[in-house]
Structures are given as C-alpha cells and as structure tokens.
Amino acid sequence: MINVTHQIDELYDQVERMVVSLPLSLQEHINRTRDLASRLGEIHGVDGKRCALGALSHDLARHLEGSQLLIQSKEKNIPLNSYELDSPVLLHGPLAAVWLESELGCDDEEVVNSVRYHTTGRPCMTHIEKIVFIADKVEAEKLAENPELILVADKMEVDLDESILEYLKLRVKSLMQQKRVVHPLALETWNYLIQKE
Ligand SMILES: [Fe+2]
Ligand SMILES: [Fe+2]
C-alpha cells in the first residue's frame, strides 16, 4: 500500500511537470478537470488522487496537430480505424494513455483507461473512467460556454451513468444535426448504459 501511494504521488508529480509545458489554455482546462474529478471521486467514494491523476493526464497530447498524432500513434502501434484516420484528434487520449503506461510506468489500468477512453467513453467503464469522462465534459468553463450541459452536471453527483447518458444524448444529437460521424464507441456506451437501466 505504501508503495502504491508512493508510485501514484511520483507519477502525479511527473505528469504535473509535463502539464506546465502545455499551452496555457490547455493547462487551465486540465486543472479544472482535475479539480472536478477529485471532487467527484470524493462524492462517489473513489480515490480522489487516482481520479486526479487520470484527469491530469487526459489531455497531455491534445495540443498535437493531427499529422503528429497519426505519426506518433503509428510509432506506438496504436490501432487506427477509419474514424481515427478521418479525425486524428480522436487519438489524443489513446496516445496520452500509452505515454502514461509505457513511458511513465503507470500500472494502474483504470487510470490508464480513463485517459484512453475519455473522448468517446466505452461500455463497462469503471468509476474512475466515468469520473474523468464527465469531469472533462462539464468543467466550469465548458459549462459556462454551453448551458445545456447543466443537465449533465446536475446528475453527476447523484448518478454517474445518468449523467453520461445525458451527455451522450446531447452530443450525439448535435453531431447528427450537423451530419457528422458518431464514433461507434460512443454509441456502444449509450446502448450499454440504456440496456443496463
Ligand atoms: Fe481530450
Ligand atoms: Fe479535456
């Protein structure tokens, strides 16, 4: 237990040092996401430090151009499908997850997956994955920019699944109205949570 705590503290410090080299607006988003994720961790009885580590790491690769995301993802053997090839920004979570796991040595699978799947979600998410997913979507500034998200924020303290469903409903509807592609993992997440109800 002492070693686990030690490892997470060290990892947290390492990731914090990486975050301060990112563009300022991205740093601010990451910090707001981290604060909300810790709070949600406390509310839902999940280790706040693990939620905070996932949130702190989730957008480490978000500043990279699409071409860089593709190059680096290929180097790391991240599987690419047509959705990622059309929209390489989708790779920023998977790439940051590989950095966290392979380069920083994080062996906390739930934290790594919270980074990997934070954009689309996935069926069978653990509490940490759900918390990082929601915290990223409704941190204070995003809430201020899009008041519709209040419906998601209202539910996040009570029921994480309901909150995710509310977010996916808004997001998928908006993508469809814009005639844009919906990532299959987002749809699978929706179907999974609806069938679970
Ligand atoms: Fe992201
Ligand atoms: Fe984010």
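The model is predicted, so local features require pLDDT of at least 70 and side-chain atom pairs pLDDT 80 or more, while totals for chains, interfaces and linings use all residues. Residues are numbered from 1 along each chain as its sequence is written, with chains lettered from A and ligands numbered from 1 in the order in which they are written.

**View 1. Overall fold of the chain.** The chain contains 12 helices and 0 strands (DSSP runs numbered from the N terminus, with helices being H or I of at least four residues and strands E of at least two). Its C-alpha trace spans about 45 × 40 × 30 Å along the principal axes. The radius of gyration, taken over C-alpha atoms, is compared with a globule rule of 2.2 Å times the number of residues to the power 0.38. For 197 residues a compact globule would have a value near 16 Å, and the chain agrees because it has 16 Å. Of the 197 residues, 37% count as buried (20 or more other C-beta atoms within 10 Å of the residue's own; exposed means 12 or fewer, and partly exposed lies in between, with C-beta atoms placed from the backbone). Among contacts between residues at least 6 apart in sequence, 56% join residues at least 24 apart (a contact requires C-beta atoms, placed from the backbone, within 7 Å).

**View 2. The largest nonpolar core.** A nonpolar core is a set of buried Ala, Val, Leu, Ile, Met, Phe, Trp, Tyr and Cys residues joined through C-beta atoms within 7 Å. The largest one has 42 residues, of which Ala37, Leu40, Cys51, Ile131, Val132, Ile134 and Ala135 touch the most other members. Two or more residues each come from α1, α2, α3, α6, α7, α8, α10 and α11, and α8 gives the largest share, 7 residues. Beyond four places in sequence, Ile131 touches Ala37, Leu40, Gly41, His44, Val46, Cys51 and Leu160.

View 3. Helix α7 (residues 109-116) is mostly covered, with 6 of its 8 residues buried, namely Val111, Val112, Asn113, Ser114, Val115 and Arg116. The cover of these residues includes α3 (48-57), α6 (92-103) and α8 (127-138). The axes of α3 and α7 come within 8 Å and cross at roughly 35° (axes are lines fitted to C-alpha atoms, for helices over the stretch in contact, with angles from 0 to 180 degrees between N-to-C directions). Arg50, Leu53, Gly54 and Ser57 of α3 meet Val111, Ser114 and Val115 of α7.

**View 4. Surroundings of Leu69.** Leu69 is found in helix α4 and is buried, with 22 other C-beta atoms within 10 Å. Apart from neighbours within four places in sequence, its contacts are Ala61, Leu64, Pro88, Val89, Leu91, His92 and Leu95. The C-alpha atoms of Leu69 and Leu95, 26 residues apart along the chain, are separated by 7.6 Å.

**View 5. Two loop residues with positive phi.** Most residues other than glycine have a negative phi. Asn77, although not a glycine, has a positive phi of about 60°; this residue lies in the loop between α4 (66-75) and α5 (82-86). Asn77 counts as exposed because 8 C-beta neighbours lie inside 10 Å. Cys124 likewise is not a glycine and has a positive phi of about 60°, and its place is the loop between α7 and α8.

Definitions and conventions: Two residues are in contact if their C-beta atoms, placed from the backbone, lie within 7 Å.
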